[in-house]
Amino acid sequence: MAKTRVTRGNGTKVIDDPAVRRRSTRHAVVEKHETVAKEEARDDGIKTESKIGKANTQTKRGLLDMPSAGERRRSKRARLSHGSGQDGQAQKKEEPDESVKLEADTDDLAAAIIPVKAEAEEEAKFEAKTKTKAKTKTKTEQDDTSKTSPRKKTAEADLQARKLKSYAQFAAARQSPYPDFARPSAAECQRAHAILSTVHGGAPTRPSTTVAPTSRAGCGDSASVLDALVRTILSQNTSDANSTRAKLAMDRAYAGSDSWERIAAGGEAQLAKTIASGGLAVVKSRAILAILEQTRERYGVYSLDHMFTAPDDVAFRELLSFRGVGPKTASCVLLFCLRRASFAVDTHVHRITGLLGWRPAAASRDQTHAHLDARIPDDLKYPLHVLFVKHGKVCTECRAGGKSTGRCALRKAFRRGKGVDDDDGDDEAVEDGRSDEAVDDDAKLVKAEADDE
């Protein structure tokens, strides 16, 4: 039985208060139902503790705000005295016993809590279902996004067909797209090699083994064909410093140089953010992930090392078949990784061979590659490529935006577009004698390269 201690004067008196007794019973019922609700929620695997706690808090608040038993009795007596006019004896008769009222209040409390508990459980179940549906929808949307649309597949197939057709028409047969353009001759190639070897401290020789550098990205410099291809993609349309930053960032982010599974699983957004310092991050990340996807689909593993035993023509065709890979990228992989005789044409080679008159002024890089690959002797393709790239970076006259001052030994040897047999021995500074269209074409090219670098 609940007791209430009341302090009056010098002593403390314990009295039996029905209102206190009923409140204690109410709290006991609330705690009991709260315990039952939590146990059921835990058994069902539904996290409804917060919902039930909130509902019970609201219920408790409502019960505690109810008028006390004394207030209700006084209110009832007032109504009876005004309504029936009966005396106090009748009023007392009609008042129910306190224990009966307590039992009724307890039943009302239980009836109030059960619907609240059920409602909380239903809301929790609905939330769990909604989250599951949202996850399923998100996964479905991602799957749909990862699937290439038929229109995109058709466009990619058309591009691949054009690349292979162009290659088959000229480069595969070692025929120039400009059969009437007879430069450079083998003698001119020898002379350019000799001059540049003297200027840059000797003729470059191919190393006995190919080792992937750890301090720079390189361009095809790797003993793994797939790694060489990715490094060359990173080097496209940017400086060595930027491509190196992008490659080192990839190695840090994915814990290694050949963590292809992690790179593929990370997705395009993460890869683009990682290689942002290399420029054209979205385009390059898309190309790298497409190469990984195609490699896994074709061979079941992330490896292209079977190309080491493939003929030059077969390896070149396969490299061109990947999305984002053109003749320059494929030629770099052949030249440096596969160690084949292929003359890669990057921005420096394209610019300098234009200055020397070794290609038509309007020839694109891909056309220049097909033309020079057919004209330059195989034994000079590696050293001439390396020398042209080095010269294009350091020569004040032959670099992007450089002006002719007559001091460059290479340009003096091939001035006015003349070769070995046409040299008249004049060493004075002169213009290179090309057409106005050729000069304008190179001016546009120089501006684009200056923006890249």
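Q: Is R340 buried or exposed in this predicted model?
A: The relative accessible area of R340 is 13%. The cut-off for buried is under 20%. R340 is therefore buried.

Q: Which residue forms a salt bridge with R340?
A: In the pair, R340 sits in the loop between helix 13 (327-337) and helix 14 (347-356). Its partner lies in helix 12 (residues 312-320), 28 residues apart. The closest N and O atoms are 2.5 Å apart, and the partner is D312.

Q: Is D312 buried, partly exposed or exposed?
A: D312 has a relative accessibility of 33%. Buried needs under 20% and exposed over 50%. D312 is therefore partly exposed.

Q: How many residues apart in sequence are the parts that K393 and D240 tie together?
A: K393 and D240 form a salt bridge, with the closest N and O atoms 2.3 Å apart. K393 belongs to helix 16 (residues 378-394), D240 to helix 9 (residues 240-253). The pair therefore ties together parts separated in sequence by 153 residues.

Q: Which helix holds the salt-bridge partner of E268?
A: E268 pairs with R286, the closest N and O atoms being 3.3 Å apart. E268 is in helix 10 (residues 260-274). R286 lies 18 residues away in sequence, in helix 11 (residues 281-299).

Q: How many salt bridges does the count come to?
A: The rule takes a Lys or Arg side-chain nitrogen within 4 Å of an Asp or Glu carboxyl oxygen. K393 with D240 meets it at 2.3 Å. The count comes to 11 salt bridges.

Terms used. Residues are numbered from 1 along each chain as its sequence is written. This is a predicted model: local features need pLDDT of at least 70, side-chain atom pairs count only at pLDDT 80 or more; totals for chains, interfaces and linings use all residues. Side-chain values use heavy atoms; hydrogens and water are left out. Helices (H or I, at least four residues) and strands (E, at least two) are DSSP runs, numbered from the N terminus. Buried means under 20% relative accessible area, exposed over 50%, partly exposed in between (1.4 Å probe, protein chains only).
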